[in-house]
Amino acid sequence: MTNKKRGRQAPAVYISSRLDSRFGIYHFVTMELVIFLVLVLFSVILLPAFAILHSWAASSRELGKIPGNLGWPFIGESLSFISEFASPAGIYSFMNKRQQRYGKVFKTSVLGRLTVFMTGRDASKVLLSGKDGIVSLNLFYTGKQVLGPSSLLQTSGEEHKRLRRLIGQPLSVDELKNSLHFINALAIETLEGWHGGKVPVLEEASAFTLKVISNILMSTEPSGAEQEKFRLNFKIISSAFASLPLKIPGFAFYNGIKARDRMYEMLDTIISRRRSGSEVRFDFLQSLLQMQSGEARTGEAEEDKLSDSQLKDNILTLLIAGHDTTTAALTWVIKFLEENPSVLEKLREEQRVIQENWKEGSNLTWSDINKMTYTNKVISETLRKATVLPWFSRKAAQDFEIDGCNIKKGWSLNLNVVSIHHDPNIFTNPEKFDPSRFDSPLKPFSFLGFGSGPRMCPGINLAKLEICVFIHHLVCRYQWKPLEQDDTIYPTLVRMPKNKYPISVEPL
Ligand code: HEM
């Protein structure tokens, strides 16, 4: 090669052809690599994308006659859904706009799902009464994977009834009486840590409710290494519940499955301690283990037995279903009480009368809990106004008609609860926080704070007990004020204040 030639920039084609002739194998490998990459691109990205688009187009054609807008393929109306979710009016404004435009039943596409939203007492009755097995529960893929196949939330029909019976028993009023002392002591201890400084109520409520439920289910101590390990794993599991379905290290779903496995290992250790007799407790787990070994009752014994994996899946189900909901409800009660001084005064009066009847040194009893009628109305009004679960998801198990719309088997349906709770025809002046709405019985399927029908919340008594006890000690001993005015909502399945409702607290 001459100097002149060396100084000139060789054209790319020249270099490539020289490489071609000198490195025939290289050329072959390169071509193979290119073909391979094209195939990978085609099969990993384009093929699934075409398949998704094809099925999206087919489903959207099916939903054709239902009024509404499906937005962009796959993305649908998710962006406006998410942005309105975080606004103070929350998902209600998304629902309301569409309801005004299309009526009580409308289609949309949110969070990767083509779905039909419906509202009103008639829709509630059809979707929640479970008559003729018209619908089944409709969890996200990630939720199903995290909870496991034998979770109560994944069963239907007779198996669902059996699980509800077994799970409902340890959550019954009679069994909960044994937990009053623990909940009371924990509420007092938690509130004692609230003096001075900034208290993020949501975080505190989260720690309180997790300690209560883990103690009721498996006697986990409220502090110490086991509670900390349990809390960390639980946090990771709950953030995977409605995450992107990517089982890739670093992603929430992958981490959640790993944390679930660690949590199940912890449960296995506790179960074997109980079976060996080295640990005896009187909790939810123990009662199910007794049923499993046939010690509890005679007759029905086979029906009352849960396998270890059914047991673990359902302990996790109760943790997931009962934790965020109770945390959010407790936080909203504290917020709404502060915002409504006359309600706070009336509630404080009820709680003071209860205390005045105590003998020296006594504390809350079960009969005191039964006297908290106004407090219970405040809880209901909180669940109406905040609607911590703004919609309930179902899947049509058969074709049926509702409000003149034909629903087809397999469709994803959502009961828009927030619009029922804010319907002025059902609740006059719905924006007002007014516990007296619950003075007289409401029409069926109008208040759905704990749901209705066969899937109605089995944790209702526990949730109310936790809130009543906590609120009793809070209002009898302390006053509080918010440190920030921010009504933004966390865009998660359970509605909670995004700023965690920071307050400052002083003794009365
Ligand atoms: C204030 C707190 C709570 C609220 C607002 C609440 C609300 C609800 C609602 C609305 C449903 C029905 C959802 C539907 O039909 O799709 C439900 C179901 C459920 N809740 Fe709760 N809940 C609370 C506390 C709890 C607690 C403490 C537990 C457990 C210890 C629990 C366990 C469950 C379970 C397992 C289900 C599913 C029932 C089934 O599918 O048969 N919840 N809850």
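Two residues are in contact if their C-beta atoms, placed from the backbone, lie within 7 Å. I start my notebook with that rule, since I need it for Cys-457.

**Ground rules.** I'm working with a predicted model, where local features need pLDDT of at least 70, side-chain atom pairs count only at pLDDT 80 or more, and totals for chains, interfaces and linings use all residues. Residues are numbered from 1 along each chain as its sequence is written.

I looked up UniProt first: an unreviewed entry lists Cys-457 under "binding site". UniProt positions are in the numbering used here, feature names are shortened, and annotations may be inferred rather than shown by experiment. I then found Cys-457 in the loop between helix H19 (417-421) and helix H20 (460-477). Helices here are DSSP runs of H or I with at least four residues, strands are runs of E with at least two, and both are numbered from the N terminus. Leaving out residues up to four places away in sequence, Cys-457 touches Phe-450 and Gly-451.

Is Cys-457 buried, partly exposed or exposed? I get partly exposed, because Cys-457 has 18 C-beta neighbours inside 10 Å. (Buried takes 20 or more other C-beta atoms within 10 Å, exposed takes 12 or fewer, and partly exposed is in between.)

**Strands.** Strands pair if DSSP finds at least two bridges between them. I saw strand S9 (residues 478-482) run antiparallel to strand S10, with five bridges, and there Trp-480 has Val-505 as its bridge partner. S4 (residues 199-200) also runs antiparallel to S10 (residues 502-507), with two bridges, and Val-199 stands opposite Ile-503.

pLDDT is the predictor's confidence in each residue, from 0 to 100. The chain's mean is 87, but over residues 1-23 pLDDT stays under 50. Where pLDDT is low, the predicted coordinates should not be read in detail.
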